[in-house]
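This report concerns charged side chains and a nonpolar surface patch. Please consult the sequence and structure shown below while reading.

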Amino acid sequence: MQEEENLEDPSVEEEYEPRKGVCECMCIPLHWFSMLSRETHWSFVFGVIIVYGVSQGLGGALSAVGTKYYMKDIQKVQPSEAQVCAGITYIPWIVKPLWGLLTDVLPVYGYRRRPYFVFSGFLGVIGMLLLSLHEDLHLVLALLSLTAGSAGVAIADVTIDACVAQNSISHPSLAADMQSLCAFSSSVGALLGFSISGIFVHLIGPMGVFGLMTIPAGLVVLVGFLLDEPHVPNFAYKQVNQKFVDATKAMWTTLKSAEVWRPCLYMYLSIALSLNILEGMFYWYTDSKTGLSFSQEKVGFMFSIGSVGSLFGAILYQYALKDYTFRDLLFWTQLLYGVSGMLDLIMVIRLNLKFGIPDYVFVMVVESVAQMTNRLKWMPMLVLSSKLCPSGIEGTFFALLMSIENAGVLSASWGGGFLLHMLRITRTKFDNLWLAILIRNILRITPLSLLFLVPKTDPNSSILASENLTSQVAINTSETENIELVSLVNNVDSN
């Protein structure tokens, strides 16, 4: 009788429904990871998590904070010089097509991806060890070591991006999901890294942090040993030169297409015009006289809150925005990115104090909004880039597109350094910092006039014509030929 009463009582059902809903919500990410692992192989998902989450996210966060304090307190350079140095260490990301070309046409011991993970991991270990073991390292040698570490991360990034682009072609419906996996892993890793970065910089110093950076690099080596990849026996190394020539011609042919170079031009200009003045802001945050006098722990926690904003941006894109057309989404995200930059201006002129908002609370809000808007602006560009890659040279061409965007990052960094220098913003003088922020914010809005370069298509549609997808059969291994066949069939079916 008691069981019958429970069945008839609607309140009992209502009591269990919320619990079931919460359980289902918690299982959604697990099902998502399981689906990606099943469709693409678990070693691919593991590689994305290590490269994006541990190496770029966690390691990149530790390296970013450690490098800022290393340049400020050990090398004792000016903000404009630190901004230029940051651009120099970014150069390996500009030559990403070279790494991508190697992974596409030059297998090592019969493997196209695995050896490059191993090499990049060892390169990162060596660069970080040199920085951590030498106390009086000259600035030039320090830049070389930082650049070597950056090169290790860049090569691993190119290699995993080649895997992502390759899987995006064989599983076109999962292209946005794979980019979301990359963004999610990077954001979570950055959140954890920034949360502990200030503490480690305070306890063991920047050089000790560089020593810890050998761990993410070592895990990249592990990816090289575990990645599931078909072996290519009896590779004709005598044909490598011709393959390089063919791949270069294929890239140039694809890049000349209006449906490719137009969005590429927008990507570069939208990033280059967003001048990077983060080093000037960092020096102001930590200055004890005219700045905010933040400690290492506060700086690390501030950046970690920013990573929460980045993570929220990735989740928002995945569950609410990923199906919108590229042009519409880029319009609103670029506009939001420009408007949100005014929060920096409010903070520098200390207007937040007039509203009773403490500096540290307002800085965390500013950082989280900045990271969220930057992530929302970046995600559709990544998906668009993956859609522009022809089969067979997907690793090389995706690396080329990323190098174009990274060239924009370098231009923004050096342009920001030049702006800081022209406005005479130094280690202790920040009178014109407000003007630098205002100029940066105005330039952030200008890419809106260039949106006609971006296609109106949505992320679920093909951008390249079928002949572009299948024109590179001659330069690929049998594995890539199968991928080309799948992409051609999918393209025909969609029409």
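This is a predicted model: local features need pLDDT of at least 70, side-chain atom pairs count only at pLDDT 80 or more; totals for chains, interfaces and linings use all residues.

Five salt bridges are found when the whole structure is searched. One of them pairs Lys-322 with Asp-177, with 3.7 Å between the closest N and O atoms. Lys-322 is located in the loop between helix H14 (296-321) and helix H15 (326-340), while Asp-177 belongs to helix H9 (residues 175-212), so this pair ties together parts that are 145 residues apart in sequence. Lys-322 and Asp-177 are both buried.

Arg-440 and Asp-344 also form a salt bridge, and here the closest N and O atoms are 2.9 Å apart. Because Arg-440 lies in helix H20 (residues 433-445) and Asp-344 in helix H16 (residues 342-348), the pair ties together parts that are 96 residues apart in sequence. Arg-440 is buried, its relative accessible area being 4%. Asp-344 likewise counts as buried, at 9% relative accessibility.

## The Arg-350 and Asp-359 pair

A further salt bridge joins the side chains of Arg-350 and Asp-359, with an N to O distance of 2.2 Å. Are the two partners buried or partly exposed? Arg-350 has 25% relative accessibility and therefore counts as partly exposed. Asp-359, in contrast, has a relative accessible area of 15% and is therefore buried.

## A buried glutamate without a salt bridge

Glu-367 is part of helix H18 (residues 359-387). This residue is buried, yet Glu-367 has no salt bridge. Which side chain of opposite charge is nearest to Glu-367? That side chain is Lys-68, at a distance of 8.7 Å; a salt bridge requires the nitrogen to be within 4 Å of a carboxyl oxygen.

When residues up to four places away in sequence are not counted, Glu-367 touches Met-302, Phe-303 and Gly-306.

## A nonpolar patch on the surface

On the surface, a nonpolar patch is formed by Trp-42, Leu-222, Phe-225 and Leu-226. Together these residues have about 410 Å² of accessible area. Helix H10 (residues 214-226) gives the most to this patch, contributing three residues.

Trp-42 is located in helix H3 (residues 42-74). With a relative accessibility of 47%, Trp-42 counts as partly exposed.

Notes
Residues are numbered from 1 along each chain as its sequence is written. Side-chain values use heavy atoms; hydrogens and water are left out. Patches are made of residues with over 30% relative accessible area and no salt bridge: like charges are joined within 9 Å, nonpolar side chains (Val, Leu, Ile, Met, Phe, Trp, Tyr) within 5 Å. Accessible areas come from the Shrake-Rupley method with a 1.4 Å probe; for residues, only the protein chains shown count as cover. Helices (H or I, at least four residues) and strands (E, at least two) are DSSP runs, numbered from the N terminus. Buried means under 20% relative accessible area, exposed over 50%, partly exposed in between (1.4 Å probe, protein chains only). Lys and Arg count as positive and Asp and Glu as negative; His and the chain ends are not counted. Contact means heavy atoms within 4.5 Å.
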